[in-house]
Amino acid sequence: GRFNTYVIPLFRKKMRATQLLVKPAAGSAELAEGIDWIQQWGCTRDLYPIFTQEIFQNQWMRDYGLQDLLIARRSGRIAGTLAAWDQRGFRQTTVKAYHGKWLLLKSCYNALAPVLGGSRLPQAKEEFKYMFAAFRTAAHDDPGILRELIAALCERALSSGYTYVVIGLHEKDPRSTALTGFF
């Protein structure tokens with residue numbers, strides 16, 4: 001099947017209904033709990049990587065931009081995870097040029113984006129400043145859990161100066177409906 005990459009422009013409005021408590025792992029015990037959850041969830045998937053606390057805390061991962069691990073909780077129990085990963089240290093996405101209808105669409109979109117509190121499209125030869133959503137899990141593949149995690153990541157990314165959040169999901173992933181409601 002296809003692996004779809006979604007690019008979510010960030011808007012200066014609250015994007016999530018708070019059904020869950022979503023916050024970054026605080027301290028090594030909570031980080032270990034989140035990583036244990038990721039591994040338990042990953043064991044139910046084909047070809048899921050082994051991910052340990054040492055890997056997350058290792059300096060080389062920090063150099064590659066792996067940042068906070070967001071943990072969603074319901075009634076005190078972990079319901080899902082999502083990590084913030086700025087991959088610009090080793091991979092950049094730059095717009096080479098806009099052609100055809102995109103020249104007009106970009107101009108119109110960029111004129112409206114500030115009014116709507118949104119992110120503008122980059123100029124030609126300008127880099128996208130985006131946060132990648134990694135290590136996404138959700139209990140029972142519940143798209144509502146992933147939706148709240150993505151919204152929380154969008155809020156954090158916007159407050160840190162990013163203009164987009166990028167997430168990839170397989171076309172048959174039941175969690176892909178989590179993107180409903182995002183622009």
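Trainee: Let's start with aspartate 141: buried or exposed?
Mentor: Aspartate 141 is buried, at a relative accessible area of 18%. Buried means under 20% relative accessible area, exposed over 50%, and partly exposed in between, with a 1.4 Å probe and protein chains only. Bear in mind that this is a predicted model, where local features need pLDDT of at least 70 and side-chain atom pairs count only at pLDDT 80 or more, while totals for chains, interfaces and linings use all residues. Residues are numbered from 1 along each chain as its sequence is written, and side-chain values use heavy atoms, leaving out hydrogens and water.

Trainee: Where is aspartate 141 found?
Mentor: In the loop between β5 and α5. Helices (H or I, at least four residues) and strands (E, at least two) are DSSP runs, numbered from the N terminus.

Trainee: Which other residue has a positive phi although it is not a glycine?
Mentor: Leucine 47 has one, of about 60°. As a rule, most residues other than glycine have a negative phi. Leucine 47 sits in the loop between α1 and α2 and is exposed, with a relative accessible area of 86%.

Trainee: And arginine 45, what's its place?
Mentor: Arginine 45 is in the loop between α1 and α2 (53–57). Arginine 45 is partly exposed, at 28% relative accessible area. In sequence, arginine 45 and threonine 137 are 92 residues apart, yet C-alpha to C-alpha they are 11 Å apart in space.

Trainee: Switching topic: what pLDDT does the protein average?
Mentor: It averages 88, and 93% of the residues score at least 70. That's the predictor's confidence in each residue, from 0 to 100.

Trainee: How many residues are in the largest nonpolar core?
Mentor: 55 residues. Such a core is a set of buried Ala, Val, Leu, Ile, Met, Phe, Trp, Tyr and Cys residues joined through side-chain atoms within 4.5 Å. Phe56, Leu69, Ile145, Ile150, Leu153 and Val165 have the most contacts inside it. The largest share of this core, 10 residues, comes from α5.

Trainee: What does valine 165 touch?
Mentor: Leaving out residues up to four places away in sequence, the list includes Tyr6, Ile8, Met131 and Leu153. Contact here means heavy atoms within 4.5 Å.

Trainee: Now the largest pocket: which residues lie nearest its centre?
Mentor: Phe3, Tyr48, Arg136, Asp173 and Arg175, out of 18 lining residues. By class, the lining has 10 nonpolar, two polar and six charged residues. The largest share of the lining, four residues, comes from β5.

Trainee: Then arginine 136, what's its place, and is it buried or exposed?
Mentor: Arginine 136 is in strand β5 and counts as buried, at 18% relative accessibility.

Trainee: What does arginine 136 touch?
Mentor: Not counting residues up to four places away in sequence, its contacts include Phe3, Trp41, Ile167 and Arg175.
Mentor: On a 1 Å grid over the protein atoms alone, a pocket is an open set of points where a 1.4 Å probe fits, with protein on both sides within 12 Å along at least five of seven lines; lining residues have an atom within 4 Å of a point. For the classes, Ala, Val, Leu, Ile, Met, Phe, Trp, Tyr, Cys and Pro count as nonpolar, Asp, Glu, Lys and Arg as charged, and the others, Gly among them, as polar.
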